[in-house]
Amino acid sequence: MISEKTTYTTQEAAELLGLNPETIRRKLRKGELKGARTGKEYTISKADLEDWYRRNGGGKLFTDINTN
């Protein structure tokens with residue numbers, strides 16, 4: 001059984017959003033996007049990525065996230 005992806009690296013988030021990975025890192029460092037630092041890399045939850053995307057004018061990013 002394959003589990004659904006629930007966290008993303010800065011590179012994965014950048015690819016998903018069509019942004020440069022450094023833009024994602026900058027948003028994380030400024031606190032505009034929530035994430036956890038794991039060594040030199042950040043990990044961003046699916047829910048936090050969806051929340052940030054919607055707050056910044058995007059629509060629904062994932063079909064399985066229920067946001068009101």
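How are helices α1 and α3 oriented to each other? In this predicted model they are oblique, a class that holds the angles left over once those under 35 degrees (roughly parallel), over 145 (roughly antiparallel) and 65 to 115 (roughly perpendicular) are set aside. Residues are numbered from 1 along each chain as its sequence is written. The model is predicted, so local features need pLDDT of at least 70 and side-chain atom pairs pLDDT 80 or more, while totals for chains, interfaces and linings use all residues; side-chain values use heavy atoms, without hydrogens and water.

The protein chain contains three helices and three strands. Along the sequence, the pattern is β-α-α-β-β-α. Helices (H or I, at least four residues) and strands (E, at least two) are DSSP runs, numbered from the N terminus. Of the 68 residues in the protein chain, 29% are buried. Buried stands for under 20% relative accessible area, exposed for over 50%, and partly exposed for values in between (1.4 Å probe, protein chains only). Contacts (heavy atoms within 4.5 Å) were also examined by sequence separation. Among those between residues at least 6 apart in sequence, 39% join residues at least 24 apart.

Helix α1 spans residues 10-17 and helix α3 residues 46-55. Their packing angle is about 40°, and their axes lie 12 Å apart. Axes are lines fitted to C-alpha atoms, for helices over the stretch in contact; angles run from 0 to 180 degrees between N-to-C directions. On the α1 side, A13, L16 and L17 make the contact; on the α3 side, L49, W52 and Y53 do. By class, this contact has six nonpolar, no polar and no charged residues. Ala, Val, Leu, Ile, Met, Phe, Trp, Tyr, Cys and Pro count as nonpolar; Asp, Glu, Lys and Arg as charged; the others, Gly among them, as polar.

One aromatic pair is present in the structure. The ring centres of Y8 and F62 are 5.7 Å apart and the planes lie at 25°, so the pair is stacked. Rings of Phe, Tyr and Trp (its six-membered ring) pair with centres within 6.5 Å; planes under 30 degrees apart are stacked, over 60 edge-to-face, and the rest tilted. Y8 belongs to strand β1 (residues 7-9) and F62 to the segment after α3, so the pair ties together parts 54 residues apart in sequence. Y8 is buried at 11% relative accessible area. F62 is buried too, at 8%.

L28 sits in helix α2 (residues 21-30). L28 is buried, with 8% relative accessible area. Beyond residues up to four places away in sequence, L28 touches T10, L33, K34, G35, Y42 and I44.
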